[in-house]
Amino acid sequence: MKMNVQVGGSTFTAVLEENAAVNALVEMMRQGPVSIPMRDYSGFEKVGPLGTSLPTSNSQTTTHAGDIVLYQGNQIVVFYGSNSWSYTRLGRIADLTGWEKALGSGDVTVIFSLEGGDENR
C-alpha cells in the first residue's frame, strides 16, 4: 500500500511497511488526511506529535533519507539524513527528488493521506 506525503506544495509517494502501526495509521487516514506539525531535529529529521499512540514494533535501525518511522509510539519522524535508534518503521519515500528541499530548514506541516482512493476500500 502507498500513501501521499505532502510538504508545502510538494507531494511525494511513500511505500508503506506491513505492521500493526501502519494498519492503525491507515485507519486514521481513512477518516481523512493526517496533518502533523513537525519541527527540525539535529539537522537530519523532522519530528511531530501524532496526537495518539500507535502499536509499536521497535527495533534498532539505521535510517536514511526518505524513511518514515514511529518514535515512542506517538511521534512521526521523517528523515532527510541518517540516524541510528530504535524505531517502528512505517514507510519510505519512493522518489527522493526534491525531498530535502521541500522539508527545508525550519518547521513544516506534513500531511499524510492514502493514495488513489484507498479510503474507499
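Which strand gives the most to the lining of the largest pocket? Let's take a look at the pocket, and then at the salt bridges.

## What you're looking at

This is a predicted model, where local features need pLDDT of at least 70, side-chain atom pairs count only at pLDDT 80 or more, and totals for chains, interfaces and linings use all residues. Residues are numbered from 1 along each chain as its sequence is written, and side-chain values use heavy atoms, with hydrogens and water left out.

## The largest pocket

The largest pocket holds about 160 Å³ of space. A pocket here is an open set of points on a 1 Å grid over the protein atoms alone, where a 1.4 Å probe fits and protein lies on both sides within 12 Å along at least five of seven lines; lining residues have an atom within 4 Å of a point. Points are joined across faces, edges and corners, and the volume is the space filled by probe spheres set on them.

Around the pocket you'll find Arg39, Tyr41, Glu45, Val47, Tyr71, Gln75, Val77, Asn83, Trp85 and Tyr87. Strands S3 (34-41), S4 (45-49), S7 (75-79) and S8 (83-93) each give two or more residues to this lining. S8 gives the most, with three residues. Strands are DSSP runs of E with at least two residues, helices runs of H or I with at least four, numbered from the N terminus. By type, the lining splits into six nonpolar, two polar and two charged residues. Ala, Val, Leu, Ile, Met, Phe, Trp, Tyr, Cys and Pro count as nonpolar, Asp, Glu, Lys and Arg as charged, and the others, Gly among them, as polar.

## Salt bridges

The count comes to four salt bridges, each a side-chain nitrogen of Lys or Arg within 4 Å of a carboxyl oxygen of Asp or Glu. One of them joins Arg30 and Glu27, at 2.6 Å from N to O. These two sit three residues apart in helix H1 (residues 20-30), so about one helical turn separates them.

Lys46 pairs with Asp40, their closest N and O atoms being 3.1 Å apart. Lys46 is buried, at 0% relative accessible area, while Asp40 is partly exposed at 27%. (Buried means under 20%, exposed over 50%, partly exposed in between, with a 1.4 Å probe and protein chains only.)

Asp67 and Arg92 also meet, at 2.7 Å from N to O. This pair links distant parts of the chain, with Asp67 in strand S6 (residues 67-71) and Arg92 in strand S8, 25 residues apart. Asp67 is buried at 3%, and Arg92 is partly exposed at 34%. Together with Arg89, Asp67 and Arg92 are linked in a network of salt bridges.
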